[in-house]
Amino acid sequence: MDFDLNESQGMLQDSVRKLLSDKYGFENRKAYLASETGWSRDLWAQYADLGLLGLPFDEEDGGFGGGGEEVMIVAEQMGRHITLEPWLSTVVLGGGFLRHGAAADLRADMVAGVAGGGVLLAFAQQERQSRYDLHDVATTAKKDGASWVITGRKGMVLHGDTADHFIVTARISGNRRDKGGIGVFLVPAKAEGVAVRGFRQVDGSRAAEVEFSDARAEHALGTPEDGLALVDKVVDEAIAALAAEAIGAMDVVHAMTLDYMKTRQQFGKPIGSFQALQHKAADMLVAIEQSRSMAYFATMAARDPDAAERRRNMHAVKAQIGRSQRLVGQEAIQLHGGIAMTMEYAAGHYFKRLTVNEASFGDTDFHLRSLSDLGGLVQAA
Amino acid sequence: MELRFTDEERAFRQEVRDFLAAECPDATRQHMIAGKSPTKEMVVEWQRKLNKRGWAAPEWPKDHGGPGWTPAQKYIFREELQMWPAPSPLGFNINMCGPVIIEFGTPEQKARFLPRMLNLDDWWCQGFSEPGAGSDLAGLKTRAVRDGDHWVINGQKTWTTLAQHADWIFVLARTDPAAKKQEGISFFLVDMKTPGITVRPIVTIEGGHEVNEVFFDDVKVPLDHLVGQENKGWDCAKFLLGNERFGQARVGASRERIRRLKIIARETMDGDRPLIEDPEFRRQMTEMEIELKALEMTVMRVIANETKRAGTGKPDPATSVLKIKGTEIQQGVSELLMKAAGPYAWVDGDPDAEGTNEWDVAPDWAFGLAGVYFNWRKQSIYGGSNEIQRNIMAKAFLGL
């Protein structure tokens, strides 16, 4: 058991921390948010320079050979600044599909572009009826010669408005909620029959509604008809990254709350001297420490070769951190009082990101129910 | 970063399991699976087996009879015992008084008391709390006055767990009433057979006799039974309480109880299906399991830090989580076990007593579950109530 970073991991953490401390203050973030893309192309290039965009890819594919720990380190720092760039969608989700699902020649084609910052990816899986079920897929894929023809409508596609390629789940066979018969396809955003409408989410991230009308995909990822296993694996890696992001955001909003409690005076003393408020702040710390433990657990669990075991553990991670981030977000607002209700103040922005993070790839209720349907964690012998 | 146990640690876990399988009496195990506290005889028998194996005091340094384990091994040992389940080494001897004597005691005190603690030749109990000194322990009033070649103790202790079994008691008493409250206290070792000591049982809400009042009426204590320096007993007390933090997580014990709960929920019908198929009940179990998994990882982090920062004395904020979460989970699981029994949890009687279910009014597994639930409400009160824990966190880690 060793929770320490090794030397190169420490350097990675330092370099990301330094970049974001310099370039991602709350005022910088407001400016990125107000820009046309809604995030910073300039920073994106600097992420590429630091190796953050090629991080998880194998060195032979042109990446940096980082593992779950490296992704966790970066995601946590990004959570601390609630960054707006499409790192999760391009590198963790898109990258995950390329790493686990793309043939060698396609990887050779794509990884250099992603690592260099020139290629952006987005995962198009959500449908109006599917809620949190990754296997609920109405979008269809029909084989046509060597390629596939995709038809359907995907929603809440994170960073879909700037993506160069979509990774799309589509049904090859079976009924809408069957677990088999799902394929995963790579569709260029510029392909004929792809319509994209971008918008902003409540947490500041960009997203898009994407309509595929007989859009042509040249590449299927993973095994056609058995794409769900691939989707589950990649989503579990994303859940580990989201866990780390949540830790970063919770740490910052907690520290912000403590600072405020020490300076804000009422009844002639700092509000942090009141026991009722101290206990709430202590409960936030308990929740954060339990979540930090689960974020470590997530990086270990996400690479478990036993898929069923991996899923169970990731449900636990998501449910535990989900409850914690809800508590931490809500109490941060409450302990601040009115000031945190203003758009001008940072705490509310952290609360909004934590709220979206909680429900990304399934909210707390969903994961609790899923884990409990699978029999929980403790084996009854 | 390496988040798994090493091969050596896994081999050690197996070694502990093999020892449990070979040496832990089945009667003791079955008694504990049923949710009862082990009897005095069971604890003594087991402690002596551990001592024979050299495992009686996982936390003690090697030269005083400890096994010289790493923090990870200590954790594995503790967890395997709790999961079996088997009695843990007696806390009063091994985790409380023993370490104080090792840290502050004279060579004579060490030679006289430590070997007998290891072998449970002496059963110790803790004389800290008083009617007027609970969370505010330093407000204690029991007095010790020096009179020639001995001290004379007068006062009253309360919540003294298992004093009815005890041969010795370690006592905090005020030796300088003029000093500031933490600075006039000393730490004494007192033979329970000394004239002037009276033990009076306190029966708790579930009907059990676990705790006691202990009265001291002109109790004479030899001068060399004071540990550490006169008026510096608070240092001993703080040291002792600081050693408690791992013990309170009890991850293995909660896992064993959840396992038990699942077996019961599978075998108990709820309408036309087993209780475990009720989504609401199952979800409540799952919530406990999730927090327990997080707690287990938190314990690992504390252990890893312990190894790394040995001796720096820098507290880890994660340690404060252990008491609060550990007790919340244990209490939560005890409540689910009671719920699983439904109305059959209501048969009154001391859950630890034998033969109280002789008319077979409730299934054997259900008998006494409400009693355990009632009894375990103590967990968030003792060892520094969970509210005191939050005060400590606010001061030590949050800077409030």
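Two residues are said to be in contact if their C-beta atoms, placed from the backbone, lie within 7 Å. With that rule, 6 residues of domain 2 of chain B are in contact with 10 residues of domain 3 of chain B. The residues on the domain 2 side of this contact divide into 1 nonpolar, 4 polar and 1 charged, where Ala, Val, Leu, Ile, Met, Phe, Trp, Tyr, Cys and Pro count as nonpolar, Asp, Glu, Lys and Arg as charged, and the others, Gly among them, as polar.

This is a predicted model, in which local features need pLDDT of at least 70 and side-chain atom pairs count only at pLDDT 80 or more, while totals for chains, interfaces and linings use all residues. Residues are numbered from 1 along each chain as its sequence is written, and chains are lettered from A and ligands numbered from 1 in the order in which they are written.

## Domains of the two chains

The domain bounds come from an automatic or database domain assignment. The table lists them for both chains.

| Chain | Domain 1 (residues) | Domain 2 (residues) | Domain 3 (residues) |
|---|---|---|---|
| Chain A | 7–120 | 122–226 | 228–373 |
| Chain B | 7–89 | 124–231 | 244–396 |

In chain B, the centres of domain 2 and domain 3, taken over C-alpha atoms, are separated by 31 Å. In chain A, the C-alpha centres of domain 2 and domain 3 lie 29 Å apart. There, 14 residues of domain 2 of chain A are in contact with 12 residues of domain 3 of chain A, and the domain 2 side of that contact has 6 nonpolar, 5 polar and 3 charged residues.

UniProt also annotates parts of these chains; its positions are given in the numbering used here, feature names are shortened, and annotations may be inferred rather than shown by experiment. An unreviewed UniProt entry places "domain: Acyl-CoA dehydrogenase/oxidase N-terminal" at residues 7–101 of chain A, a span that is 67% helix and 0% strand, with its end C-alpha atoms 31 Å apart. Helices (H or I, at least four residues) and strands (E, at least two) are DSSP runs, numbered from the N terminus. The annotation "domain: Acyl-CoA oxidase/dehydrogenase middle", from an unreviewed entry, covers residues 122–214 of chain A, where the chain is 0% helix and 54% strand. In chain B the annotation "domain: Acyl-CoA oxidase/dehydrogenase middle", again from an unreviewed entry, covers residues 125–219, and this stretch is 0% helix and 51% strand, with end C-alpha atoms 16 Å apart.

## Chain B as a whole

Chain B holds 12 helices and 10 strands, and its C-alpha atoms fill a box of roughly 75 × 55 × 50 Å, taken along the principal axes. Its radius of gyration is 22 Å, which agrees with the value near 21 Å that a compact globule of 400 residues would have; the radius is taken over C-alpha atoms, and the globule rule is 2.2 Å times the number of residues to the power 0.38. Buried residues make up 46% of the 400 residues in chain B, a residue being buried if 20 or more other C-beta atoms lie within 10 Å of its own, exposed if 12 or fewer, and partly exposed in between, with C-beta atoms placed from the backbone. Among contacts in chain B between residues at least 6 apart in sequence, 70% join residues at least 24 apart.

## Helices and the chain interface

Helix α4 (residues 71–83) of chain B packs against helix α9 (residues 279–308) of chain B at an angle of about 145 degrees, with their axes 9 Å apart; axes are lines fitted to C-alpha atoms, for helices over the stretch in contact, and angles run from 0 to 180 degrees between N-to-C directions. Pro71(B), Ala72(B) and Tyr75(B) in α4(B) meet Val299(B), Ile303(B), Glu306(B) and Thr307(B) in α9(B), and the residues of this contact divide into 5 nonpolar, 1 polar and 1 charged.

Between the chains, 43 residues of chain B are in contact with 35 residues of chain A. On the chain B side, α9(B) gives the most, with 18 residues, and the classes there are 24 nonpolar, 4 polar and 15 charged residues.

## Details of the backbone

The peptide bond from Trp84(B) to Pro85(B) is cis, with omega near -10 degrees, and Pro85(B) is found in the loop between α4 and α5 (91–104) of chain B. In chain A, Ile82(A) has a phi near 35 degrees, a positive value in a residue other than glycine. Ile82(A) counts as buried because it has 24 C-beta neighbours inside 10 Å. Met156(A), found in strand β3 (residues 147–158) of chain A, also has a positive phi, of about 45 degrees, although it is not a glycine. Met156(A) counts as partly exposed, because it has 17 C-beta neighbours inside 10 Å.
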